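Subject: Structure handover

Hi,

Here is the structure I promised to pass on to you. Please open it alongside this email, and my notes on it follow below.

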Amino acid sequence: MRPDRVVIGVETKRAEQVLRELYRPLNLIETPMLVTGLESAELIKYAANAFLATKVSFINEMSALCEAVNADVHAVARGIGLDGRIGRKFLHPGPGYGGSCFPKDTRALVRIAQENNVTSRIVEAVMEVNEAQKARMISKIRTALGGSENGKTLAVLGLAFKPETDDMRDAPALSILPKLVENGARIQAHDPQAMAEAKTLLPEAVLFFDEIYATLAGAHAVVLMTEWNAYRGMDLDKIKNTMNGNVFIDLRNVYEPELMRAAGFEYHCVGR
């Protein structure tokens, strides 16, 4: 464990001493420790995650603008991220943030502000942009399918809100897939870890597969929803031969557009 800092909220010196002793092993790796009151510690936690969520929503909003003006969101993200005042992290476009922290903590920060008669317009806008990004992904999928998902089979790769976890809390898939099913799409889904949880949360019509290429059988389009390493080095020829179409919708920008188009795919991504 190598945290950037440890924030301790206390009311007494005794509590501070106990917590400093508890976290003392971290001093060996020179972890900064900030001691504050309870209120400040709580706000530090919420504000930090709200700020990171802001970066995610900002670059997602920029991805829509990049598509409109024929710019490359990766170049934009790199260009602004090299500014030391901004930093490179959390500038990765995608279908919206999810998980256990960003949705919960942005809502908590807005609620605290409302209870204390303080405006929180930026955080409220971040939440709105995140929901709009999920809706935009549904429109992107529909457009890639020729204007309607009705009767189309979609192979969805990745369900968890991020790779290396089975966490489905507020995952974009929970907003996107039910709407596609409602509009007549047939969903064949795969995830390396999250399928057991996803089965309890997604519509019964969603079919789950234990093997990646079996998920692709007969699909009119692939929708890459979560950037698991297992999806980064797939055999493109095998994908195309297994599918019933050639549409590849990459909501995480895992692949390079030129490579995919050269391989014979009708490739769609975010902000490029």
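A crossing of two helices is called left-handed if the near helix is turned anticlockwise from the far one by less than a right angle, and right-handed if clockwise. Helices (H or I, at least four residues) and strands (E, at least two) are DSSP runs, numbered from the N terminus.

Before the findings, a word on the model: it is predicted, so to speak of local features we need pLDDT of at least 70, side-chain atom pairs count only at pLDDT 80 or more, and totals for chains, interfaces and linings use all residues. Residues are numbered from 1 along each chain as its sequence is written, and side-chain values use heavy atoms, with hydrogens and water left out.

Helix packing

α2 passes α4 in a left-handed crossing. Their axes lie 8 Å apart, and the packing angle is about 120° (axes are lines fitted to C-alpha atoms, for helices over the stretch in contact, and angles run from 0 to 180 degrees between N-to-C directions). Among the residues in contact (heavy atoms within 4.5 Å) are Leu 43, Tyr 46 and Val 56 of α2, along with Phe 102, Leu 109 and Ile 112 of α4. By class, this contact of α2 with α4 has 11 nonpolar, two polar and four charged residues. Here Ala, Val, Leu, Ile, Met, Phe, Trp, Tyr, Cys and Pro count as nonpolar, Asp, Glu, Lys and Arg as charged, and the others, Gly among them, as polar.

α4 also meets α5: their axes come within 9 Å and cross at roughly 145°, again in a left-handed crossing. From α4, Thr 106, Arg 107, Leu 109, Val 110 and Gln 114 take part, and from α5, Val 123, Glu 124 and Met 127.

The sheet

Six strands form an open sheet in the order β5-β4-β3-β6-β7-β8, with parallel pairing (two strands pair if DSSP finds at least two bridges between them). β5 (207-208) and β8 (266-268) are at the edges with a single partner strand each, so one side of each has no neighbour in the sheet. Helix α5 (residues 121-144) packs on the sheet and touches β3, β6, β7 and β8.

Pockets

On a 1 Å grid over the protein atoms alone, a pocket is an open set of points where a 1.4 Å probe fits, with protein on both sides within 12 Å along at least five of seven lines; lining residues have an atom within 4 Å of a point. Grid points are joined across faces, edges and corners, and a volume is the space filled by probe spheres set on the points.

The largest pocket has a volume of about 850 Å³. Its lining has 30 residues, and Val 56, Phe 90, His 92, Glu 227 and Arg 252 lie nearest its centre. That lining divides into 13 nonpolar, 11 polar and six charged residues.

The second largest pocket holds about 200 Å³. α2 gives the most to its lining, with five residues. Its lining includes Pro 3, Tyr 23 and Asn 49, and by class has seven nonpolar, one polar and two charged residues.

Best wishes
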